[in-house]
Amino acid sequence: MADLPLLAKTFEAAPDCSRILLLGDKDQLSSVEAGAVLGDICDTGNEHGYSRRFISMAAETAGQAIDSSEARDDEPPVADSRVILRKSFRFAGESGIGVVSAAVRDGDAERAIDALACGRYKDIAFVDMARRNPTEFGSVLATRIIDGFAPYCASRSPEDAFARFSSFSILCARRQGPHGVEGMNALVEDILRRKGLVDPAGVWYSHRPIMVLENDYNLELFNGDVGIVLPDASHGPAPRVWFPSKDGAFRNLPVSRLPAHETVFAMTVHKSQGSEFNTVLVMLSDRFSPVMSRELLYTAITRARTGVEIWASEAVLRTVIENPVRRQSGLRDRLWG
């Protein structure tokens with residue numbers, strides 16, 4: 001998600017003798033700020049081959065055989081500087097998540113919707129919001145929320161809480177509105193409270209998950225870090241927020257020391273990049289918004305290891321898949337001509 005100015009400064013600061021390796025998914029959401037650097041470098045959406053020189057070098061140094069019939073010596077030099085990894089270790093390519101995410105990535109709405117509707121795949125499902133009345137919608141959503149978060153709310157230790165928190169998450173396209181992060185977090189808190197799974201009498205109730213929104217180098221907390229409110233007997237009844245430590249253990253801090261943060265039962269798809277969960281509920285909407293793009297949906301689906309449920313109307317889902325992000329920075333033209 002590095003933006004164009006940041007990468008430009010990084011390359012300018014690097015010594016001429018250095019070698020820079022960029023690792024990421026070119027098909028995910030690009031940076032919030034200007035540019036789509038990794039996508040431009042990889043020329044997302046277009047296929048390229050390797051030069052005969054690169055194919056020979058790969059066979060000699062790595063023992064990696066590349067079909068020489070695909071050699072193309074008319075490619076720009078940057079073509080030999082990119083390697084596309086095809087195998088996902090998060091989910092199988094032939095799984096529902098693999099099939100639908102590939103269709104979304106390719107912009108093939110018909111293939112994605114057919115895969116969601118055929119009933120062949122048990123790990124991915126589609127809830128058509130246009131076909132449900134408000135009462136049914138609320139009841140089904142409440143069931144999903146309770147089933148998804150009940151095990152997490154029953155955890156008693158930081159280790160258990162963080163392990164169970166990674167089991168389920170709600171990913172939203174927007175921040176505001178009834179289907180946005182703010183509305184969904186309020187709804188989750190209310191449903192869990194009425195079920196007796198949490199007791200949000202105040203802001204700092206046990207099992208409240210929070211996400212840090214700004215860097216604090218003194219506390220070694222950074223934008224995107226997730227903490228969980230749990231009691232700590234050694235500090236009395238005052239609430240504490242636990243975070244993973246670099247050594248694999250956990251540390252806790254008083255709430256008064258935290259930088260800016262927000263509740264994160266639900267998070268935006270942008271904030272979920274770099275995370276993974278067992279299952280995710282992707283909340284789009286029954287109405288299209290320009291922030292909903294092919295890359296956003298692809299990113300959301302590929303956060304899951306074992307299960308995805310997409311909530312939208314079919315019309316919105318189709319439009320989202322056919323709506324790629326288009327950014328013109330000039331980098332792609334400079335590299336690929």
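View 1. Asn252 is buried, with a relative accessible area of 15%; buried means under 20% relative accessible area, exposed over 50%, and partly exposed in between (1.4 Å probe, protein chains only). The model is predicted: local features need pLDDT of at least 70 and side-chain atom pairs count only at pLDDT 80 or more, whereas totals for chains, interfaces and linings use all residues. Residues are numbered from 1 along each chain as its sequence is written, and side-chain values use heavy atoms, with hydrogens and water left out. Strands (E, at least two residues) and helices (H or I, at least four) are DSSP runs, numbered from the N terminus. The side chain of Asn252 makes a polar contact with the side chain of Asp232 at 2.8 Å, and a polar contact of 2.7 Å joins the side chains of Asn252 and Arg240. A polar contact is a pair of N or O atoms within 3.5 Å; within protein, one must be able to donate a hydrogen and the other to accept it, and residues adjacent in sequence count only if both atoms are side-chain atoms. When neighbours within four places in sequence are left aside, Asn252 is in contact (heavy atoms within 4.5 Å) with Asp232, His235, Arg240, Val241 and Trp242.

**View 2. Pro158 in helix H7 (residues 158-165)****.** With a relative accessible area of 13%, Pro158 is buried. Residues up to four places away in sequence not being counted, Pro158 touches Leu230, Trp242 and Phe250. The C-alpha atoms of Pro158 and Val241 are separated by 9.7 Å, and these two residues are 83 residues apart along the chain.

View 3. Two strands pair if DSSP finds at least two bridges between them. S2 pairs with strand S9 (residues 277-283) in the parallel sense over five bridges, and Ser169 stands opposite Val280 in S9. S2 also pairs in the parallel sense with strand S8 (residues 266-268), over three bridges; here Ile170 stands opposite Ala266 in S8.

**View 4. Strand S10 and its pairing with S1 and S9****.** S10 is mostly covered, with seven of its nine residues buried. Five bridges link S1 and S10, which pair in the parallel sense; Val127 stands opposite Trp311 in S10. S9 and S10 pair in the parallel sense over six bridges, and the bridge partner of Val282 in S10 is Ile310.

**View 5. The enclosed helix H4 (residues 96-105)****.** Nine of the 10 residues of H4 are buried, so this helix is largely enclosed by the rest of the structure. The buried residues are Gly96, Ile97, Gly98, Val99, Val100, Ser101, Ala102, Ala103 and Val104. They pack against helix H5 (109-117), strand S1 (124-128), helix H10 (294-301), strand S10 (304-312) and helix H11 (314-321). H4 is followed by Gly107, whose phi is positive, near 75 degrees.

**View 6. Positive phi at His207** **and Glu220****.** Most residues other than glycine have a negative phi. His207 has a positive phi of about 75 degrees although it is not a glycine. This residue is placed in the loop between helix H8 (181-194) and strand S3 (209-212), and at 5% relative accessibility His207 counts as buried. Phi of Glu220, likewise a residue other than glycine, is positive and near 55 degrees. Glu220 lies in the loop between S3 and strand S4 (226-230) and counts as partly exposed, at 43% relative accessibility.

**View 7. A nonpolar surface patch made by Phe11, Ile20 and Leu22****.** The patch has an area of about 260 Å². Accessible areas come from the Shrake-Rupley method with a 1.4 Å probe, and for residues only the protein chains shown count as cover. Patches are made of residues with over 30% relative accessible area and no salt bridge; like charges are joined within 9 Å, and nonpolar side chains (Val, Leu, Ile, Met, Phe, Trp, Tyr) within 5 Å. A salt bridge is a side-chain nitrogen of Lys or Arg within 4 Å of a carboxyl oxygen of Asp or Glu. Ile20 lies in the loop between helix H1 (4-13) and helix H2 (37-42), and Ile20 is partly exposed, with a relative accessible area of 36%.
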